[in-house]
Amino acid sequence: MKTKLATMALGALMAAGPAVADLVIPSLSYRTGPYAAGGIPFADGYADYFTLLNERDGGIGGVPVNLIECETGYNTEKGVECYESTKGEGALIYQPLSTGITYQLIPKVTADDIPLHTMGYGRTSARNGKVFSHVFNYPANYWDGASGAVNYLLEENGGDLNGKKIALVYHNSAYGKEPIRTLEELSKKHGFELTTLPVDHPGQEQKSQWLQIRREKPDFVLMWGWGVMNQVAIQEAANIRYPMENFIGVWWSGAQHDVLPAGDKANGYKAVTFHAVGDDFPVFDDIKTHVVDAGKAAGAGDQVGTVLYNRGLYSAMLAAEAIKDAQEANGTGDVTPGMVRDAMENLNITEERMAALGMPNFGPTFQVTCENHGGPGLIGVSQWDAGTQTWNLISDFKPTDGEVIGALVEEDSSAYAAENNVEPRCN
Amino acid sequence: MFYREAGDFKTSYVDDSQTFPIKFDRYRYYVVLAVAFGIIPFIINDYWANALLLPFLIYAIAAIGLNILVGYCGQVSLGTGGFMAVGAYACYKLMTAFPDVSMFIHVILAGGITAIVGVLFGLPSLRIKGFYLAVATLAAQFFLVWLFNRVPWFYNYSASGQINAPERDVFGIIITGPNAPAWATYMFCLIFLTFCAVVARNLTRGTTGRKWMAIRDMDIAAEIIGVNPLKAKLTAFAVSSFFVGVSGALFFAVYLGAVEVGEAFGIQKSFLVLFMVIIGGLGSIFGSFAGAAFLVLLPVVLKVVGVDVLGWPTDIVAHLQLVIVGGLIILFLILEPHGLAQLWRVAKEKLRLWPFPH
């Protein structure tokens with residue numbers, strides 16, 4: 001009888017215990033709506049990595065992670081609702097996977113002292129840590145992407161783009177407009193002609209844009225698309241027989257679900273990327289044993305190893321490493337958002353560190369500093385092989401045009417600082 | 001039981017024609033005001049303000065505005081999103097051009113600018129009616145969104161085309177931006193809503209409103225008895241657009257803080273506000289409140305119940321939300337085509353006679 005009571009008491013204690021010291025990480029995901037095709041694999045990868053940490057290591061530094069998923073539908077109003085409802089739970093870091101929601105959250109997180117990590121999206125000039133204290137966009141941003149794509153084209157064309165025509169097909173939103181300014185600067189520098197073709201939300205209607213491409217015959221087409229827009233664009237390009245190897249998407253337009261609907265015709269389509277592709281990494285073995293085979297995979301569990309799943313995994317890994325650093329720096333398992341922010345500002349991702357996590361060469365090595373929240377901006381190019389249905393890296397991760405981007409970042413961030421009376425930090 | 005009207009005598013016409021002639025209604029109205037102004041500001045937190053109350057207050061203003069046009073004057077409009085965008089961008093340009101001026105003035109001026117734009121797009125209503133007018137206002141919706149996307153002057157040449165609300169105050173209390181306290185933003189919107197509702201209620205009870213309703217019920221007959229259709233229709237467009245513009249300005253400056261025109265003020269917004277008006281009840285101020293509350297609060301409640309209480313996956317809850325809200329809309333329209341306001345009206349008549357219905 002006594003033992004029974006004791007076990008019951010212990011059980012009650014254990015049931016009540018974890019709620020006190022969990023690491024709360026919100027996942028502002030979207031599994032519904034026109035952007036769900038991209039939102040689902042990212043959210044699955046993000047959730048699976050934290051499940052893996054909980055199952056294999058008992059959380060981060062022995063403290064379990066409590067992932068709160070909140071559906072935004074890529075809608076800013078719902079994003080605000082999600083932010084407010086998870087903020088109160090003690091959220092440590094936000095990664096909303098939406099440029100629109102990022103713009104909403106930049107001032108809010110700064111006021112609430114919570115870090116915001118927008119990996120490869122969001123406001124590009126947030127890379128300037130002197131102005132944006134709580135926003136991080138390492139390891140690469142849109143302007144790196146634009147410059148990386150142009151650099152790749154330069155390389156392909158013997159260093160000369162003079163007189164070439166490049167068209168940009170973009171999602172007519174803050175997200176799609178981001179690269180225009182950089183591309184305009186680059187067009188002045190390298191002498192190519194830039195045409196911009198906006199596609200309105202949600203992006204199913206692109207007949208006129210592709211008609212224009214058919215008429216003007218640009219040498220290269222760049223795409224800043226997301227969700228259903230990508231598949232439609234690739235299909236339309238195939239319909240007008242545009243040569244796929246001259247069609248380059250940003251990293252949000254280069255996943256399996258974007259190219260599969262067009263079948264063999266999508267063969268040769270390219271996309272820039274800032275992390276590795278494929279599932280040939282030791283971490284995937286652990287995910288298989290501890291998460292998928294244990295029946296704990298997020299969603300349908302069929303996305304493991306896809307491009308966006310990897311990106312979700314990568315972004316979760318960077319968050320987890322920052323939290324680990326914060327725990328070590330402060331000697332406590334129970335960190336606050338402010339501590340995580342400080343750790344993110346000093347985050348150092350080395351090759352050994354990634355190898356120890358079972359992700360060797362998964363992304364670039366980088367060191368975040370107070371001034372530079374954007375990382376090195378190394379951009380590679382991947383290409384779709386419709387025969388084997390795989391993305392293959394065809395160009396290694398290379399630096400981008402830091403001179404052009406640096407000047408634009410300085411200009412845009414100082415405009416923000418002036419508009420919002422932000423005192424520059426890091427002095 | 002609730003309504004005890006015995007002894008509630010009116011001795012003057014003023015008493016008899018007041019907004020709430022029944023004593024019980026009047027007291028309830030005072031209680032609601034007292035709670036809204038006197039209690040909620042002291043207990044409000046960020047979540048309640050930003051997730052529930054601000055959207056409710058702001059959509060209620062928009063719904064009142066649209067109800068004046070559609071419900072009282074009978075001019076169908078699908079341009080609400082576009083007019084909200086006018087309010088938002090006008091407010092943004094004013095906020096950045098005159099940083100020292102009080103937010104109150106900016107919001108009211110933004111409403112005024114929207115009223116002018118609304119009158120401009122209301123001109124076709126003198127020639128066309130019904131569905132054709134709906135199409136004309138739809139054109140306004142697409143044109144305005146296109147305009148704000150296309151002309152960089154409207155978004156101060158920012159790289160992304162987004163507009164961001166800088167920090168502005170009223171009498172030293174911060175109203176916009178991330179540092180604004182929840183109670184201040186709530187009070188700011190509440191004051192505007194109260195003002196709009198009182199103005200709308202009194203306009204619709206007076207000559208102007210009667211002219212609108214005459215036009216709505218039969219425009220030729222109205223013209224014969226001396227209602228000037230030009231004036232009546234254009235005043236309806238002006239007043240309606242003013243309210244919609246105010247709500248757009250608040251939506252951008254106080255609630256969201258950063259806005260992208262295609263996403264925040266697209267055609268879905270026009271339909272959302274129109275649904276609020278239809279579900280709430282055409283030609284009823286209370287209906288505008290009820291409709292706004294229904295469409296703002298119900299999804300949040302369903303989400304809280306589904307995800308936080310029952311622990312279901314978020315995507316299933318999001319899909320169920322669409323199914324349930326859609327189902328309820330159909331159900332309401334079949335069972336009570338005149339909306340929630342009519343439901344309330346019927347219930348109130350029953351309550352007034354209870355327990356001795358004749």
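Tutor: The expected span of a helix is 1.5 Å times one less than its number of residues; helices (H or I, at least four residues) and strands (E, at least two) are DSSP runs, numbered from the N terminus. This is a predicted model, in which local features need pLDDT of at least 70 and side-chain atom pairs count only at pLDDT 80 or more, while totals for chains, interfaces and linings use all residues. Residues are numbered from 1 along each chain as its sequence is written, and chains are lettered from A and ligands numbered from 1 in the order in which they are written.

The helix is H12 of chain B, residues 267–280. Its 14 residues should span 20 Å at 1.5 Å a residue, and the end C-alpha atoms are 20 Å apart, so the two values agree. Buried residues (20 or more other C-beta atoms, placed from the backbone, within 10 Å of their own) in H12(B) include Lys269(B), Ser270(B), Val273(B), Leu274(B) and Met276(B). The run from Val277(B) through Ile278(B) and Ile279(B) to Gly280(B) is buried too. Among the elements that cover these residues are H3 (46–72), H4 (80–97), H6 (130–150) and H13 (285–309) of chain B. Just after the helix, Gly281(B) takes a positive phi of about 130°.

Elsewhere in chain B, Leu250(B) touches Ile58(B), Val107(B), Cys189(B), Phe192(B) and Tyr255(B), leaving aside residues up to four places away in sequence; contact means C-beta atoms, placed from the backbone, within 7 Å. Leu250(B) is also one of the residues that touch the most other members of the largest nonpolar core, which has 236 residues. Such a core is a set of buried Ala, Val, Leu, Ile, Met, Phe, Trp, Tyr and Cys residues joined through C-beta atoms within 7 Å.

In chain A, 7 of the 9 residues of helix H13 (337–345) are buried, so this helix is largely enclosed by the rest of the structure. Pro337(A), Met339(A) and Glu345(A) are among its buried residues. Strand E3 (116–117), strand E4 (135–136) and helix H12 (307–330) of chain A are part of what covers the buried residues of H13(A).

Finally, the two chains meet: 32 residues of chain A are in contact with 30 residues of chain B. On the side of chain A that touches chain B, H5(A) gives the most, with 7 residues.

Note on methods:
Buried ≥ 20, exposed ≤ 12 C-beta atoms within 10 Å, placed from the backbone.
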